[in-house]
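Look at the model below.

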Amino acid sequence: MAKEPTAYESEILAASLRAYLSETGFAFTSGAGSQALRRAAARIGTPYAYGGGPDGPGRGFCDNGNGSSGGRCAATSTIGFDCSSLVQYAYWPHTQLPRTAAAQYQATAHRPVSHGELRPGDLLFWAHRNGSIYHVGLYAGSGRVLHAPRTGRQVEVVALDSAMPASDYRGATRA
């Protein structure tokens, strides 16, 4: 079971994270999106746990194969975020997004953002061929996404085109 970091550990992590993000061109600006991105960035390295919510990392659960790894339920012994709970946490309480990636898309679809207009904190979505949304992340600037990818991984920043299959990219919205 993962433990919450002490205040001292959090300060050290935050300082090293700011230095890393600055060196890699991670874009912090002003506004709700940038505040959400900042809040989520403080959770880089947090384990993926299917489940979670707006109050912070939580114990996961397994449902229809989600949260499983190697044929066993890994989520119930992990404290962390899944993709949508990380996004929900990042924006909470300023913007109260729904719990799932599909519901977050529905709640923000009326504010689409083209690739050329992306700003830090915009929501990025991926969908199956049938159109059902299965993943969400936060645009981190410079063609990168901050997200919680899947069971067995941690919250991370990666190139947008390598976060999920490029053919599944659905688009972006603004919260």
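In which helix is S85 found? S85 sits in α3, residues 83–91; helices here are DSSP runs of H or I with at least four residues, strands are runs of E with at least two, and both are numbered from the N terminus. This is a predicted model, in which local features need pLDDT of at least 70 and side-chain atom pairs count only at pLDDT 80 or more, while totals for chains, interfaces and linings use all residues. Residues are numbered from 1 along each chain as its sequence is written, and side-chain values use heavy atoms, without hydrogens and water.

S85 counts as buried because its relative accessibility is 0% (buried: under 20% relative accessible area, 1.4 Å probe, protein chains only). The side chain of S85 reaches the backbone oxygen of G51 at 3.0 Å. Beyond its neighbours within four places in sequence, S85 touches G51, G52, G53 and R99 (contact: heavy atoms within 4.5 Å).

Now turn to strand β7, residues 133–141, which holds H135. H135 is buried too, at 2% relative accessibility. Its side chain makes a polar contact of 2.8 Å with the side chain of H147 (N or O atoms within 3.5 Å, one able to donate a hydrogen and the other to accept it; residues adjacent in sequence count only if both atoms are side-chain atoms). Outside four places in sequence, the contacts of H135 include C83, A101, W126 and M164.

α3 and β7 each supply at least two residues of the lining of the second largest pocket. Among the lining residues are G51, C83, R99, A101 and I133.

Definitions and conventions:
Buried < 20%, exposed > 50% of the residue type's maximum accessible area, 1.4 Å probe, protein only. 1 Å grid on protein atoms, 1.4 Å probe; cavity = no way out; pocket = protein on both sides within 12 Å on 5 of 7 lines; lining within 4 Å.
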